[in-house]
Amino acid sequence: MKNLTINAPRRLSAAFAVALLGLTQAGLAHATCQGMVLHAHRGSPDAPENALSAIKQAVAGPWDGAETDIQQLRDGYWVIHHDAQVGRTLSLQGRRVADLDSTTWKEIRMKDRKGRVTAERAPFLTDVASAASAYTDKVLNVEIKQTNADCLPAQQAVSTLNQNLPAGNWFLTSIDRRQLQCARRMDANGYMGLIVLDTQALALSSDNRFARANAARLNAPIIDQAYLSRLQQEIGRPVGIHIDINTLTHNPGLLPLARQMAVPVFTYFLGNDREHAQALAAVRKQSGLLPSGAIINGQPDTFCSALGSP
């Protein structure tokens, strides 16, 4: 079974470069899932979401890396958090992350997966990057959640990562192409990933039954040669796409095309890992290919077992 092949850029960890080259080497890609790299979504599921402990467990564990989210506080510090407002995973309630300062952030505590406040502090990007730096064969997959009108914030994020992590052990993703274009000016050779918004997938996963009922009226994004060419021109290589599994199933020719154009593809799914793996198995049966990697919620061995044999 083949996964996507690209020319390895200069700034990639060994495990990540191996996966993108379509090769498999024992001991490098720790998840060893048929050539795909597997990243722990917001860290290990056995620790609070996006907590320092979750990232530490992920990079120390069987995953090939950890996926996490960053936002900038009003005084310029970058912190680890997914939602625009605090409350779901943190002790402070009802405030926008962008309105907080670093002094306030230091007082916030993490909630566990059951919503109980713990003694663990909410992390800064420097905390997570420093912890991940000890694992030179793992990758920190960092999504910029905020959008900004100028380039300075994204470039500050690149600078922070460069100062705290060895070259090749991190990469940036964003739903906003402008953030990646800004980051590229500071990081000419590093891999970057565009997160492709799929409104149909969002509707299908919504808690709102009316949104789910209207999902059929929406369309998954079309990703063709023109789309990928424009992405490479606008962001610069190496660049890939990070897509919901719904997007992949609605673009059946995407993996062969992406392989031909040297565009890595990562998948994620807003549902459970079993459905994600089963959808990938169906794609593999149709195209003979798997993506470069996947962002998963649970353990790698469970995900790979659900994927099944080629």
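This is a predicted model: local features need pLDDT of at least 70, side-chain atom pairs count only at pLDDT 80 or more; totals for chains, interfaces and linings use all residues.

I'll go through salt bridges, then a surface patch, then a helix pair, and end on one aspartate.

Salt bridges, then. How many does the count come to? The count is 10 salt bridges. Let me show you some of them.

Start with Arg42. Arg42 bridges to Glu49, and their closest N and O atoms are 3.1 Å apart. Buried or exposed? Arg42 is buried, and Glu49 is buried too.

Now go to Asp101. Asp101 pairs with Arg74, with the closest N and O atoms 3.3 Å apart. Look at where the two partners sit. Asp101 is in the loop between strand 4, residues 78-80, and helix 3, residues 102-105. Arg74 is in the loop between strand 3, residues 65-72, and strand 4. So this pair ties together parts that are 27 residues apart in sequence.

The two ends differ in cover. Asp101 has a relative accessible area of 18%, and buried means under 20%, so Asp101 counts as buried. Arg74 is at 58%, and exposed means over 50%, so Arg74 counts as exposed.

One more bridge. Arg116 pairs with Asp112, and here the closest N and O atoms are 2.8 Å apart. There is also a network: Arg42, Glu49, Asp69, Asp83 and Arg88 are joined into one by salt bridges that share partners.

On to the surface. Which residues form a nonpolar patch there? They are Ile175, Leu197, Leu202 and Leu270. Together they have about 340 Å² of accessible area. Pick out Leu202, in helix 7, residues 199-204. Leu202 is partly exposed, at 41% relative accessibility.

Next, the helix pair. Helix 9 covers residues 225-235, and helix 11 covers residues 254-261. They pack at an angle of about 35°, and their axes are 10 Å apart. The crossing of helix 9 past helix 11 is right-handed. Which residues make the contact? From helix 9, they are Gln225, Leu228, Ser229 and Gln232. From helix 11, they are Leu254, Leu257, Ala258 and Met261.

Last stop: Asp273. Asp273 is in helix 12, residues 273-287. Asp273 counts as buried, at 14% relative accessibility. What is Asp273 in contact with, leaving aside neighbours within four places in sequence? Those contacts are Ile296, Asn297, Gly298 and Phe303. For a sense of distance, take Arg109, which is 164 residues from Asp273 along the chain. The C-alpha atoms of Asp273 and Arg109 are separated by 28 Å.

That's the tour. Questions, please.

Notes: Residues are numbered from 1 along each chain as its sequence is written. Side-chain values use heavy atoms; hydrogens and water are left out. A salt bridge is a side-chain nitrogen of Lys or Arg within 4 Å of a carboxyl oxygen of Asp or Glu. Buried means under 20% relative accessible area, exposed over 50%, partly exposed in between (1.4 Å probe, protein chains only). Helices (H or I, at least four residues) and strands (E, at least two) are DSSP runs, numbered from the N terminus. Patches are made of residues with over 30% relative accessible area and no salt bridge: like charges are joined within 9 Å, nonpolar side chains (Val, Leu, Ile, Met, Phe, Trp, Tyr) within 5 Å. Accessible areas come from the Shrake-Rupley method with a 1.4 Å probe; for residues, only the protein chains shown count as cover. Axes are lines fitted to C-alpha atoms, for helices over the stretch in contact, and angles run from 0 to 180 degrees between N-to-C directions. A crossing is left-handed if the near helix is turned anticlockwise from the far one by less than a right angle, and right-handed if clockwise. Contact means heavy atoms within 4.5 Å.
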